[in-house]
Amino acid sequence: MASLYLHIPFCEHKCIYCDFYSIAPNEPRQKYKAIIERFLRALEREIELRAADSKFQSTYETIFFGGGTPSLLAPSAIGTIMEKLAKRFMVKRDAEVTLETNPGTVDVEKLQAFRVAGINRLSVGVQSFHEDDLKFLSRIHSAEQAKQCVRDAFRAGFENVSLDLIFALPSQTRERWASNLEHAIALQPTHISAYSLIVEPNTPLYRMVQSKQVSTLSAEQDAELYEFTIDVLAAHGYEQYEISNFARPGFASRHNRNYWNHSDYIGFGPSAHSYWSGRRWWNLANVVGYAERLEDGTLPVAGEEQLSEEQLREEEVFLGVRSEGIDVAGFLHRYRTDLLAERRRTIDDLLNEGLAVVESGRLRLTKKGYPLCDEISALLA
């Protein structure tokens, strides 16, 4: 099964930690609105051009609207995109369709309209339930708005609602992070994504750290909060199925799993990445340039690469240890390599130190091993 991703590159305000391509309205509102309308026309054209390629005549089981802030769009715009996708691609009737949602951009009526448009899963960008944290992260919503958004989502009829949270904020204590988890669990979402704060280059947060305006937590403090997160969420019935993702039984994100299983996916929109049968390509990270290309009838591809077998193998190791483990038999079939035999000494060390286990034909990391994911991937690749 394959997936579709749509990058909606518009925000009310850029968050200091975000390095995804997006634009905020620093020009008159009317001009910003015109840019959005031009983008939507270009997006429809990109969908048409990709669908005309016979190699993409597959069955698609997930659709994901990411950004940026897709919930800024009108539900009618989302509905139009959904109709175009359904007309041009073979989308399963029970496809998982996710919309990333900012609490400051929706109310119950708008959420109901998104549901009518075809959205059946929401990913709500809460990040924190503390007002000072939200101000530091330059979020546009309040803690109460975040809570109300989740309550409204269930009132609107959504049965699959995910929350995003960020931990390891500067000076964050275990007690303060615990209160965030408590607030989140009390809302009874079906899925929680908990990410450690990462200082990405070319972001305002990076410049603040470089200039020593902000000090980040140590790796040891980060790991302590992470292991605490795993314990708390497990105690409340959330199963960890990826390094940063936890779900009630039956609510793991199918879209996320497709990425981690090296399944095919097509990305639409500026800066969107795609992967198909070992080939990866990515679009221009510029909404005007993106629209100009498509207005000329040209796909807005900025670059591409054909992955070698060695690259595919390394990626499968990396993706596997981040998520539900490496399928040892499948790995042998695809790469003619018995990973357990080839990396026997390394794997024995991981097992003896409690960093990994081999269960049901999969080599996977433990709670203790997850914080060392990158280092372990390098040893196994």
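This is a predicted model: local features need pLDDT of at least 70, side-chain atom pairs count only at pLDDT 80 or more; totals for chains, interfaces and linings use all residues.
Reader: How is a pair of aromatic rings described, and how many aromatic pairs does a search of the whole structure find?

Author: A pair of aromatic rings is described by the distance of the centres and the angle of the planes. Rings of Phe, Tyr and Trp (its six-membered ring) pair if their centres lie within 6.5 Å, and planes under 30 degrees apart count as stacked, over 60 as edge-to-face and the rest as tilted. The search finds 15 aromatic pairs. In one of them, Phe 56 and Trp 276 are edge-to-face, at 4.9 Å centre to centre with 90° between the planes. This pair links distant parts of the chain, 220 residues apart, with Phe 56 in the loop between α1 (29-51) and β2 (59-67) and Trp 276 in strand β10 (residues 273-276); helices (H or I, at least four residues) and strands (E, at least two) are DSSP runs, numbered from the N terminus.

Reader: Are Phe 56 and Trp 276 buried or exposed?

Author: Both are buried, where buried means under 20% relative accessible area, exposed over 50% and partly exposed in between (1.4 Å probe, protein chains only). Ring pairs also join Phe 56 and Trp 276 with Tyr 60, Phe 89, Phe 268 and Trp 281 in a cluster.

Reader: Which residues touch the most other members of the largest nonpolar core?

Author: In soluble globular proteins, nonpolar side chains tend to be buried together. A nonpolar core is a set of buried Ala, Val, Leu, Ile, Met, Phe, Trp, Tyr and Cys residues joined through side-chain atoms within 4.5 Å. The largest one here has 99 residues, of which Phe 65 and Phe 89 touch the most other members, and its largest share, nine residues, comes from α1. A second, separate core of nine residues includes Tyr 17 and Leu 197.

Reader: In what order do the three strands of the open sheet stand?

Author: Two strands pair if DSSP finds at least two bridges between them. The order is β13-β15-β14, with antiparallel pairing. β13 (326-327) and β14 (356-359) stand at the edges with a single partner strand each, so one side of each is left without a neighbour in the sheet.

Methods. Residues are numbered from 1 along each chain as its sequence is written. Side-chain values use heavy atoms; hydrogens and water are left out.
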